[in-house]
Amino acid sequence: GTSLSRVSNNGVDVQFTREYKYLGMYLDSKLEWSRNAEALHKKGSSRLYYLRWLRSFNIYSKMLQMFYQLVATSVIFFAAVCWGSRAKVADTNRINKLIRKAGWRSWIHGR
């Protein structure tokens, strides 16, 4: 294994951890983003479930569009500017598939 130097802040040792969740993002010791992609996919899929559920009640299409824009896309694109360039191809493909699945026109108009 790799030997790590001790780190302290104001004389207090800082504990090393392999993964840490901060402001909704998972930071790991290698700055890989697979965990974030996994979490985004899970949250995004959940929001799309609610969008499908709302559509089943024949909700006005403008309301569905607002839900999609405010709730679904905010989850899917959260922190993409931070992790996007470091994402593995498989993670990017997984998120892109979710984005294609989430296209609001197909959800609202039932295509």
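Let's start with Glu-38: at 42% relative accessibility, this residue counts as partly exposed, a class that sits between buried (under 20% relative accessible area) and exposed (over 50%), using a 1.4 Å probe and protein chains only. Salt bridges that share partners join Glu-38 with Glu-19 and Arg-35 into one network. Before going on, note that this is a predicted model, where local features need pLDDT of at least 70 and side-chain atom pairs count only at pLDDT 80 or more, while totals for chains, interfaces and linings use all residues. Residues are numbered from 1 along each chain as its sequence is written, and side-chain values use heavy atoms, with hydrogens and water left out.

A salt bridge here is a side-chain nitrogen of Lys or Arg within 4 Å of a carboxyl oxygen of Asp or Glu. Glu-38 pairs with Arg-35, with 3.9 Å between the closest N and O atoms; both lie in helix H1, three residues apart, or about one turn of the helix. Arg-35 also bridges to Glu-19, this time at 3.6 Å. Arg-35 is partly exposed at 30% relative accessibility, and so is Glu-19 at 36%.

The count comes to three salt bridges, and one of them joins Lys-88 and Glu-32 (3.9 Å, N to O). Here the partners are 56 residues apart: Lys-88 is in the loop between helix H3 (80-83) and H4, Glu-32 in the loop between strand E4 (25-28) and H1.

Now for the overall layout. The chain has five helices and four strands; these are DSSP runs (H or I of at least four residues for helices, E of at least two for strands), numbered from the N terminus. In order, the elements run β-β-β-β-α-α-α-α-α. Of the 111 residues, 25% count as buried.

H1 has 22 residues and reaches 31 Å from its first C-alpha to its last, close to the 32 Å expected at 1.5 Å a residue, where the expected span is 1.5 Å times one less than the number of residues. Its buried residues are Asn-36, Ala-37, Ala-39, Leu-40, Gly-44, Leu-48 and Leu-51. Seen down the axis of H1, they fall within an arc of 165°, so they line one face of the helix; the arc is that of the directions from the helix axis to the C-beta atoms.

H4 tells a similar story. Asp-91, Ile-95, Leu-98 and Ala-102 are buried there, and they cover an arc of only 55° around the axis, which puts them on the same side of H4. On the other side, Val-89, Ala-90, Lys-97 and Arg-100 are exposed.
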